[in-house]
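Welcome to a short tour of this structure. Have the sequence and the 3D view at hand as you read.

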Amino acid sequence: MLTFIAALIGLALTPVVGGLLAGVDRRVTARLQSRFGPPILQPFYDVLKLLGKAPMVVNSWQVMSAYIYVMSSALAVLLFFMQGDLLLLFFVMTIGAVFQVVGALSVPSPYAQVGAQRELLQMLAYEPLIIVVFVGISMATGSFKIADVYAMEKPLLLSMPFLFIALGYALTIKLRKSPFDISACHHAHQELVRGVLTEYSGPHLALLEIGHWFDVVLILGLCSLFWHTSIVGMVALLVVTYAAEILIDNICARMTWPWMLKNVLGVGLVLSVFNLLWLYVS
């Protein structure tokens with residue numbers, strides 16, 4: 001019962017943390033580009049503004065997809081805080097990603113259609129890496145339970161450094177940052193406008209933004225499992241990881257989807273297999 005209550009508290013705080021991360025991200029990115037940048041609370045202002053707008057939708061599939069996406073993302077975060085099964089968490093997270101694609105495919109907009117197809121390609125790139133990372137965690141702990149990770153005496157990063165790098169690829173894609181912002185972007189500065197998000201507006205776009213915050217916190221939570229033995233070490237690892245993501249976003253150009261598949265699956269899977277062999281022989 002105490003675990004469930006703590007998980008509910010964590011679930012309630014997740015949008016707050018996700019919004020603050022988005023605000024810090026915008027401010028740091030602006031400073032790297034010699035701009036002052038918006039207030040750190042600007043993402044919350046944007047979501048509140050969207051929630052106050054009149055809903056305008058093309059069809060009912062859009063509405064259903066937006067709600068399923070945010071509920072799936074929230075449920076995945078709840079499973080993480082309850083220290084549940086990693087495979088179940090993965091399947092729940094995937095349901096939300098699939099319905100985000102369904103919502104984009106349900107409209108005739110060419111921007112949304114191409115964005116949805118590219119989103120599927122992104123899923124093809126990062127989901128195998130997440131599965132392999134979970135397999136590595138299972139080999140290290142003997143279980144897919146998150147609770148068994150916290151029971152270990154040594155950090156996972158010491159025995160799974162290359163799997164952590166592979167998880168970093170997935171984090172970059174989920175954050176929609178360069179060079180992997182091929183299906184959508186936080187700013188309408190690409191040929192797809194906003195890709196899968198183009199035909200959303202008002203409260204339903206706000207739901208997708210909140211769902212994205214859940215996804216970001218979830219992936220960072222998975223990264224935190226690699227240094228679970230110390231709060232200071234965990235925070236330092238997450239700060240360095242997120243700072244690296246912001247730096248990569250600002251120094252890299254957006255690439256094509258064939259390049260993404262070749263590099264993410266090629267490099268990521270090679271590193272992952274090498275690390276799994278290391279775990280097997282050790």
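Let us begin with a single side chain: that of Asp215 makes a polar contact with the side chain of Ser73, at 3.0 Å. This is a predicted model, and Asp215 is found in its helix α8. Is Asp215 buried or exposed? With a relative accessible area of 3%, Asp215 falls under the 20% cut-off, so it counts as buried. Setting aside neighbours within four places in sequence, Asp215 is in contact with Tyr69, Ser73 and Lys174.

| Helix | Residues |
|---|---|
| α1 | 2–32 |
| α10 | 257–281 |

Helix α10 has 25 residues and spans 35 Å from its first C-alpha to its last, close to the expected 36 Å. Among its buried residues are Met260, Asn263, Gly268 and Leu279, and the elements covering the buried residues of α10 include α5 and α7.

Finally, turn to α1 and α2, whose axes come within 7 Å and cross at roughly 115°. Residues meeting there include Pro15, Leu20 and Arg26 from α1, and Pro43, Phe44 and Asp46 from α2. The residues of this contact divide into six nonpolar, three polar and two charged.

How values were computed
Residues numbered from 1 in each chain as written. Predicted model: local features only at pLDDT ≥ 70, side-chain atom pairs only at ≥ 80, totals over all residues. Heavy atoms only, no water. Axes fitted to C-alpha atoms, helices over the stretch in contact; angles between N-to-C directions. Helix = DSSP H or I, 4+ residues; strand = E, 2+ residues; numbered from the N terminus. Contact = heavy atoms within 4.5 Å. Nonpolar A, V, L, I, M, F, W, Y, C, P; charged D, E, K, R; others polar. Expected span 1.5 Å × (residues − 1). Buried < 20%, exposed > 50% of the residue type's maximum accessible area, 1.4 Å probe, protein only. Polar contact = N/O pair within 3.5 Å; in protein donor to acceptor, adjacent residues only side chain to side chain.
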